[in-house]
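This briefing sets out the surroundings of a ligand, the aromatic ring pairs and one further residue. Please read it alongside the sequence and coordinates shown below.

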Amino acid sequence: MTRMPDESQGNETLASLFHRIAQMLEVTGADRFRVIAHDRAARLIESHPEDLAAIARKHGPKPLTAIEGIGPKIADKIAEFASTGRIAEHDELVAAVPPGLLELFNVPGLGPKTIRALWQEKNVTSIDDLKRIIHDGSIMDLPRMGAKTVANIKEAIEFSEHAAERIPLGIAWPIAEAIVRRMSKVKGVTQAAFAGSLRRGRETIGDLDILVESNDADAARDAFTTMKEVTKVIAAGEAKCSVRLEIGGRHVQADLRIVPPGSWGAALLYFTGSKEHNIRLRERAQKSGMTLNEYGLYIEDKAKSPPHLRGVKPVASRDEQAIFKALGLPEAPPELREDRNIDEPPPEHLIELADIKAELHAHTTASDGRMSIDELAEHAKARGFHTIAVTDHSQSSALAGGLRPDALRKHIDNVREANERAKGITILAGSEVDIRADGSLDYDDELLARLDIVVASPHASLRQDARTATDRLLRAITHPLVHIIGHPTGRIINKREGFHPDINELAAAAAQHRTALELNANWLRLDLRDTHLRAALAAGKGNTLIAIDCDVHHPDDFENLRFGVLTARRAALTSPSCVNTWPAKKLHHWLQSKRT
Ligand code: DGT
Ligand code: CA
Ligand code: CA
Ligand code: ZN
């Protein structure tokens, strides 16, 4: 099962190995702390911007222990993987655990204790075995197994068999917005919002979490469970219900929580998560002699039952801000509520949607876009932008209608004429020029120098190993005529992994050469992704330039800007580091500085 180390695998293989070790330790009844350590390592590795196996191969396990959450034992295993392509502990566990047993972890709600009992006591080693003992009723022999639990397991198996992959941000967002709009009109509802990973702006979403404040829970529940997209009501309790929706052929689970007036802030805080963030807040509350739950922040009175059930008045509960304040903490925007230090204030000038004043990556009918130059400029102007760059594809992107050099020359003239006609916006003549497999550009320098702006992007040969890809991108970054590196890794969410370049090296070179790295706002790309962007900002030591662009092909594509900004906020990007926020004069001056 373990594959040989391969740079292009990045950290994903390694993370899934650790995740599987944690699961197997859990079913074999291993020590709880070992399970947690491996699970935590898996999450850290997956979100770490650098290729950890590559570091271990070069420098051994030692430097890995500098990463918070990676101890010497985990570091040794990463080094073991780096040199042998295997982790012996993993192989030993695989030999001890029936392979089908791990499938059971994909059934929502089925915990390791139950899985272990199913295995040890009923000899269940696969989902089929589990279905069989449900069917013949022998599952009821297990302790704490009632008819209701069995019905839930049955339901969950069905769901896991139809469960799709995580839903991209851009699909989930409008669905959630529509539900919130509908729920806010329901009788008794005083506030409605979506929470969970969607509110935090994660690139993919497991399920939707909708929150309403209402004194009429029945009305809210009825409205939610009878929405026309609902294909199944999974649970409908007093304060919580879950449904499955089908929208455009996609299956999505949505949870609704109904909270009484007064506890809105506490509930929103709790259900926005992340789990890690919640845990940190709760620990902080405890240290200050308080207790925090989804109903409010209360003075700890050591009573047995939770304070909200006893009518105790909370210290804070109405809004999130008041709770952060009462805890003595800076208010963290949802995008920064991941595994982050809660004492660290969010940066000043954290980027916002309204800061963006220019789109620097757009296609017209000259290549594969749907708008003429004038139409594109009109849409950009309507959004309050001072600058729009026309960057059609270059010749190698033949399928995307890339322009041959003469066609580009003609196109430049057309853009310049349109710019003469345009009022209130500057239209720049540019190109999205292919970075070829060897890092050379798709037009010669004489032609590139005529353009106001050059976005250089990789479009083909996207399976290159990390070193080759890094060198390829470095060549474009250091090219004196290039302003922006478009979608640097070429990944497509859920479809194509793209490169795993050495982001530190790229960012250091980009900062030095005043080349911006793009955060492509198309929700299928979001490239650079949040973790790469965070690493790039650190590596550029305050000089990193980022371009957040919609890669506009169609008027609707401008709407994707919010997803780019959400992703950027997750990396704590500030507006001065984003070229799209600069005033026209400053932006044009930077572009011009690469033309003299
Ligand atoms: P997802 O749906 O996988 O994309 O991720 P989330 O973050 O939306 O997770 P979800 O839907 O399971 O739960 C929504 C929020 O509720 C989560 O971010 C934090 C809170 N929450 C849920 N379960 C727990 C828990 O066991 N402990 C704590 N502290 N918080 C939880
Ligand atoms: Ca969720
Ligand atoms: Ca949920
Ligand atoms: Zn492109």
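**Briefing on the ligand site and aromatic pairs**

A polar side-chain atom of Tyr-270 lies 3.5 Å from a nitrogen atom of ligand 1. The model under discussion is predicted. The shell around ligand 1 draws residues from domain 2 (167-259) and from domain 3 (264-336), so the ligand lies between these domains.

**Polar contacts of ligand 1**

- In the side chain of Asn-278, an N or O atom is 3.2 Å from a nitrogen atom of ligand 1.
- An oxygen atom of ligand 1 has a polar side-chain atom of Asp-209 at 3.1 Å.
- The protein buries 75% of the 600 Å² that ligand 1 exposes when taken alone.

**Composition of the shell**

- There are 16 residues around ligand 1, and those that come nearest are Arg-166, Ser-197, Arg-200, Gly-206 and Asp-207.
- By class, the shell around ligand 1 comprises 6 charged, 7 polar and 3 nonpolar residues.
- At least two residues of this shell are supplied by each of helix H10 (196-199), helix H12 (264-272) and helix H13 (275-287).

**Aromatic pairs**

- The number of aromatic pairs in the structure is 5.
- For Trp-582 and Trp-590, the ring centres are 5.9 Å apart and the planes stand at 85°; the pair is therefore edge-to-face, given that plane angles over 60 degrees count as such.
- Trp-582 has a relative accessible area of 4% and is therefore buried, the cut-off for that class being under 20%.
- Trp-590 is likewise buried, because its relative accessible area is 5%.
- Trp-173, Phe-194 and Phe-563 form a cluster linked by ring pairs.

**Pro-72**

- Helix H4, which covers residues 72-84, contains Pro-72.
- With a relative accessible area of 59%, Pro-72 is exposed, since that class begins over 50%.
- Pro-72 and Gly-402 are 330 residues apart along the chain, and a distance of 51 Å separates their C-alpha atoms.

Terms used: Residues are numbered from 1 along each chain as its sequence is written. Chains are lettered from A and ligands numbered from 1 in the order in which they are written. This is a predicted model: local features need pLDDT of at least 70, side-chain atom pairs count only at pLDDT 80 or more; totals for chains, interfaces and linings use all residues. Side-chain values use heavy atoms; hydrogens and water are left out. A residue is near a molecule or strand if one of its heavy atoms lies within 4 Å of it. A polar contact is a pair of N or O atoms within 3.5 Å; within protein, one must be able to donate a hydrogen and the other to accept it, and residues adjacent in sequence count only if both atoms are side-chain atoms. Accessible areas come from the Shrake-Rupley method with a 1.4 Å probe; for residues, only the protein chains shown count as cover. Helices (H or I, at least four residues) and strands (E, at least two) are DSSP runs, numbered from the N terminus. Ala, Val, Leu, Ile, Met, Phe, Trp, Tyr, Cys and Pro count as nonpolar, Asp, Glu, Lys and Arg as charged, and the others, Gly among them, as polar. Domain bounds come from an automatic or database domain assignment. Rings of Phe, Tyr and Trp (its six-membered ring) pair if their centres lie within 6.5 Å; planes under 30 degrees apart count as stacked, over 60 as edge-to-face and the rest as tilted. Buried means under 20% relative accessible area, exposed over 50%, partly exposed in between (1.4 Å probe, protein chains only).
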